[in-house]
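How is a chain split into domains, and where do those domains meet? Look at the model below with these two topics in mind.

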Amino acid sequence: MPEIVPCKGPLGGRIEGLDRCRAQETEIAALLNRALAEYLLVVVPGERMMPHETLAFAEAFGQPRTQLLRYKRSGEVPEVSIMVSTLMADGSTDKTAIRAEDWHTDDSYFAKPAKATLLHGIEIPSRGGATWFCNMHSVYEALPGTLRTRLDGMRAIHGYDTPRARNRPSPRTAQEIAETPDVEHPLVRTHPDTGRKALYLNPNRLDRIVGLERAESDALLDALAEEARKPEHHFGHVWKPGDIAIWDNRATMHRVVIDYPVSEPRIMQRVLIEGDRPF
Ligand SMILES: [Fe+2]
């Protein structure tokens with residue numbers, strides 16, 4: 001059986017000795033899903049794969065789903081998006097990558113946000129470009145008890161865009177706008193597999209806390225984000241070509257650091273796994 005080696009940090013486990021072709025076998029899939037719930041980030045080193053192989057591996061974690069923005073769905077396998085975040089000489093990169101420099105969790109603007117996200121490294125720059133992860137269980141547990149009690153039961157509005165976001169998101173078509181009305185989620189969510197509570201933050205999408213005045217909501221959201229920025233909650237994955245990283249959006253945030261050399265290709269495949277309504 002493959003082995004899970006914990007990463008040196010507050011989250012993350014590396015799977016050694018896995019034949020990726022066997023990921024959908026019952027026992028292996030169970031091990032992978034246990035590792036995801038326990039370590040929140042699962043790294044599987046290996047060779048580069050074709051989109052249909054990546055899709056087959058991702059299916060061990062649930063039902064892959066297409067992403068909102070149509071132009072990011074690759075023609076070959078629509079559930080596998082090709083994410084190009086190569087840094088250009090003028091300092092620009094793909095807009096999604098620029099926004100991804102801020103801490104976030106994927107797709108919280110959906111009523112049922114993605115349970116997990118899988119990235120598979122195809123072209124990786126010679127240095128830099130780590131993806132950092134934040135353990136939102138430990139962020140919740142680090143808050144004072146009185147504040148945790150206050151937050152339990154609070155709900156918040158997530159939107160595709162909010163004035164609180166530092167960068168404007170990618171434009172949507174009329175159909176995509178119709179598919180992304182504002183949604184309400186609990187501010188503290190319970191992991192369905194482990195029962196552990198996690199703070200459910202997403203600074204670029206989180207507009208306000210239900211029932212609070214704007215100023216009070218802004219101040220509380222800022223204070224919570226501040227706790228999540230503390231390095232003791234973080235682990236950074238340094239990519240090698242062929243790596244798979246899959247993380248649990250129900251109890252993590254992530255960000256990319258755009259510190260890699262200009263014009264060295266950085267290309268990933270991405271698969272989103274369908275999730276449930278947060279509770
Ligand atoms: Fe992301």
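Two residues count as in contact if their C-beta atoms, placed from the backbone, lie within 7 Å. Keep that cut-off in mind. The model is a predicted one.

**Two domains**

The chain has two domains. Domain 1 is made of residues 3-134 and 235-273, while domain 2 covers 136-228. Their C-alpha centres are 22 Å apart. Where they touch, 22 residues of domain 1 contact 28 residues of domain 2.

Which elements give two or more residues to the side of domain 1 that touches domain 2? They are α3 (95-99) and β15 (252-256). The most comes from α3, with four residues.

What kinds of residue make up this side of domain 1? The table sorts them by class.

| Class | Residues on the side of domain 1 that touches domain 2 |
|---|---|
| Nonpolar | twelve residues |
| Polar | five residues |

Now look at one pair of strands. Strand β7 spans residues 131-135 and pairs with β13 in the antiparallel sense, over four bridges. Which residue of β13 is the bridge partner of Phe133? It is Phe235.

Methods:
Residues are numbered from 1 along each chain as its sequence is written. This is a predicted model: local features need pLDDT of at least 70, side-chain atom pairs count only at pLDDT 80 or more; totals for chains, interfaces and linings use all residues. Domain bounds come from an automatic or database domain assignment. Ala, Val, Leu, Ile, Met, Phe, Trp, Tyr, Cys and Pro count as nonpolar, Asp, Glu, Lys and Arg as charged, and the others, Gly among them, as polar. Two strands pair if DSSP finds at least two bridges between them.
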